[in-house]
Amino acid sequence: MPQVELAGCTPEPLHSYLKALGVFRIVGEQLDPDAEGWWQGGVFHLRSRFGADELVEALFTQYTPTPIVAPWNGGSGFFPKDKQEALQAIEGSDEPRLALYRETIARARSILDRLGIREKPDKGEKPRILAECRAWFPDEAVAWLDAAYVLTSEDPRYPPLLGTGGNDGRLEFSNNFMQRLLDALGLETGQPKKRKKGPDPQTRARGWLRGALFGEATPPLVPAAIGQYHPGGIGGPNATQGFEGDSLVNPWEFVLLLEGSLLLAGSAARRLGVDSRDKASFPFTVTGVGTGYASAVAAEYGSGMSRAEIWMPLWERPARLPEVRQVFAEGRAQWGGRQARTGTDFAQAAISLGVERGLSEFRRYGLLQRNGRAYLASPLGRLRVQVRPEARLLRELDPWLNSLRNLCTGNASTPASLWKALQGLDEAVLAYAAQGRERLLDVLLAAGAAEWVVAGRPRARGTRLQPIPALSPEWHDVCREETTEYRLAVALASIAGVRLAAARGGGPSQPEDEWLAPPIRANLEPVAWRHGRWVWAPESRSAVWGPGSLTRNLGNVLVRRATEAMARRVYPLPIRSPRPASLRDVHRFLLGQTDDRRLEALLRGLSLIDWSRGWASSGGAEALPPDEGDDEGFILPRAYAVLKLVTLDRPLILTRGGDRVTIRPEPAIFALLRANRVADACALALRRLRASGLVPMIRDPRDLAIRVDGERMLAALLIPVRETRPLARWALRTPATTDEPPGEAEATAAGG
């Protein structure tokens with residue numbers, strides 16, 4: 001069969017996509033039931049018994065229009081104040097193809113007469129007309145009725161694609177359809193008017209049809225409205241080279257786009273539950289999320305500025321109309337065991353193959369207020385359908401994201417900071433869906449940032465929105481990036497919680513044991529690990545992270561954890577991690593060669609992970625990466641080596657004799673570093689080393705304080721390091737290390 005490329009039918013803008021559906025629907029239903037259609041190279045392709053010229057002639061001479069009338073709308077042509085020329089022209093026409101249209105108009109008039117309605121219906125009369133139309137209209141008009149409205153046990157529901165029952169502001173679709181239909185078929189309206197010089201109506205109409213199908217040059221277009229479907233064609237100031245531009249329409253494009261919209265919404269009524277209030281009840285239609293596109297604003301969340309989002313499917317395999325009709329009839333996407341409700345849900349469903357198989361891509365449209373109070377179908381992006389195994393990790397965040405969304409949309413006084421947090425998380429998920437695995441880390445960071453905002457809002461914490469559950473270590477496996485900031489953030493975020501009983505040598509800890517020091521997440525925000533989950537803990541004294549700099553807050557965490565340990569006379573310090581950092585990375589941090597803002601964002605996100613699973617699976621000490629040559633040709637500041645030896649997370653083991661030396665920390669060191677008195681802090685650390693039986697090789701502590709920032713040094717002491725032999729070599733005359741067999745020290749993180 002001939003294959004025709006419809007160059008005028010592209011996925012964008014929306015009217016062009018719907019136009020392609022309209023052509024396919026008409027050909028498949030009326031002209032060739034074996035016709036196949038598909039998308040390729042950004043245009044729609046049609047395989048049927050018609051070549052290009054034959055297709056134009058068949059559509060022009062054999063097309064029988066769907067009877068689109070809306071007697072429930074003012075402006076529909078049925079009432080005295082309406083424009084009635086088109087409706088009356090169809091009623092008075094003897095064109096055989098309009099016979100069904102005339103019958104439908106007659107039944108509509110009969111319904112209005114029976115109900116005694118002579119003027120534009122008010123809100124109370126409209127449901128009665130809708131019910132009567134569904135009962136008495138011909139079967140051929142049911143597709144239009146299903147597309148225009150759905151009757152429920154309460155108020156009628158209107159698919160966003162067709163406004164409110166075929167009406168969008170001042171644009172009434174059915175009357176405009178009849179006007180454009182007469183132009184498209186080259187029929188006169190019966191009204192006397194001066195005919196301008198040029199081609200006759202039939203020739204002009206054929207030219208419009210070729211332009212609609214193949215993108216060819218057309219005769220002059222008709223001054224008329226096209227509504228929300230073509231934002232670039234609505235006219236207005238600066239729409240042309242002059243100061244004002246009229247809205248110009250190709251009649252065939254308007255006719256075909258409305259015919260195509262009926263295919264999209266054809267079975268909404270069958271799938272819509274009587275108690276459902278969700279936009280997702282309509283094919284490929286979900287609640288909009290105001291992010292993921294350049295003009296996004298938070299105000300579009302949960303407000304009248306966004307009517308809905310529609311994700312239009314593309315398919316690259318030739319398919320017949322019944323197959324495509326089935327896709328649109330179901331029109332659903334599953335995510336997390338439920339139907340997708342928002343644009344974010346839909347994106348996640350698409351990448352996890354929760355949608356109808358056989359689709360290759362989705363084009364995202366938002367029905368947004370962009371021209372005063374008018375809604376326009378704005379293209380918001382594209383999304384390829386593909387398998388991404390790591391997408392299952394998003395399900396761990398999905399319940400919390402929905403709770404945050406419910407909190408924001410269910411409260412008229414939601415603070416802007418919460419909206420921004422929700423927007424940031426939605427944007428990260430959409431970016432991952434569109435761009436792939438390398439953007440999954442952004443989702444984790446956005447989740448950490450969002451929880452930080454919620455944690456700072458006591459009213460938000462007082463709702464049902466609990467902290468984000470502990471995430472699986474697979475997040476780290478997938479999101480890992482080879483940067484100094486990431487490796488340092490992992491070392492900090494995985495600092496484990498230590499139970500008091502275990503720290504005192506009382507054997508394995510129990511979940512109900514008292515904390516010596518909680519997991520570091522509890523130092524970042526007011527949360528606590530209780531009964532196997534994270535809960536808000538506004539009374540917690542462990543949460544010491546404030547609005548200051550990263551170095552200030554890391555110092556706060558170290559002081560807090562050291563204070564909790566020293567108050568109970570338990571040593572060494574509870575800052576051990578299953579994922580310690582290398583000394584080279586610590587050195588870069590000390591030199592200020594790291595992006596502190598990035599490091600803080602990574603710390604927030606990575607602290608959501610349950611690092612105890614990796615710890616427990618390795619028997620207490622995870623297999624560590626190579627040492628990066630810390631022992632060879634690498635020199636740390638001796639001040640750091642001295643200070644780190646008195647703030648270790650495990651005992652020091654002497655190389656000769658194997659004696660274990662536990663160095664008791666000195667709290668005054670922290671205060672001295674805060675005051676930037678590095679030499680004094682080092683002097684105190686040297687005395688502590690001597691008191692522990694060790695022999696430092698440094699005599700004058702003033703030699704250690706050259707070009708060292710005290711606050712950054714204090715922050716660096718919190719970072720767990722994986723090997724301390726170089727520290728002992730640079731600071732002590734006695735060779736020593738902290739290396740020990742796995743399992744000799746116990747630490748408990750979230751879930752451990």
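**Chatting through a predicted model**

Student: Where do we start? What is the strand order in the open sheet of 4 strands?
Tutor: Let's begin there, keeping in mind that this is a predicted model. The open sheet runs S1-S3-S2-S12, and its pairing is antiparallel.

Student: Which strands sit at the edges?
Tutor: Strand S1 (3–6) and strand S12 (319–320) are the edge strands, each pairing on one side only.

Student: And how many bridges are there between S2 and S3?
Tutor: There are 5 bridges, joining strand S2 (residues 36–40) to strand S3 (residues 43–47) in the antiparallel sense. If you want a spot to look at, find Gly-37, which stands opposite Leu-46 in S3.

Student: Switching to helices now. At what angle do H4 and H5 pack?
Tutor: Helix H4 (residues 99–115) and helix H5 (residues 126–136) pack at about 135°, and their axes are 10 Å apart. Roughly antiparallel would take an angle over 145 degrees, so H4 and H5 count as oblique to each other.

Student: Is their crossing left-handed or right-handed?
Tutor: H4 and H5 cross in a right-handed way. On the H4 side the contact uses Arg-107, Ile-111, Leu-112, Arg-114 and Leu-115, while H5 brings Arg-128, Ile-129, Glu-132, Cys-133 and Trp-136.

Student: How many of those are nonpolar, polar or charged?
Tutor: In the contact of H4 with H5, 6 residues are nonpolar, 4 are charged and none is polar.

Student: What about H13 and H15, how far apart are their axes?
Tutor: The axes of helix H13 (residues 394–409) and H15 are 12 Å apart, with a packing angle of about 35°. H13 passes H15 in a left-handed crossing.

Student: Which residues meet there?
Tutor: From H13 you have Leu-394, Leu-397, Trp-400 and Leu-404, and they meet Leu-440, Val-443, Ala-447, Ala-450, Glu-451 and Val-454 in H15. That contact of H13 with H15 has 9 nonpolar residues, 1 charged and no polar ones.

Student: Last one: how many residues of H18 are buried?
Tutor: In helix H18 (residues 484–493), 9 of the 10 residues are buried, so to speak mostly covered. Among them are Thr-484, Glu-485, Tyr-486 and Leu-488.

Technical notes
Residues numbered from 1 in each chain as written. Predicted model: local features only at pLDDT ≥ 70, side-chain atom pairs only at ≥ 80, totals over all residues. Heavy atoms only, no water. Axes fitted to C-alpha atoms, helices over the stretch in contact; angles between N-to-C directions. Helix = DSSP H or I, 4+ residues; strand = E, 2+ residues; numbered from the N terminus. Parallel < 35°, antiparallel > 145°, perpendicular 65-115°, else oblique. Left-handed = near helix turned anticlockwise from the far one by under 90°. Contact = heavy atoms within 4.5 Å. Nonpolar A, V, L, I, M, F, W, Y, C, P; charged D, E, K, R; others polar. Buried < 20%, exposed > 50% of the residue type's maximum accessible area, 1.4 Å probe, protein only. Pairing = 2+ DSSP bridges.
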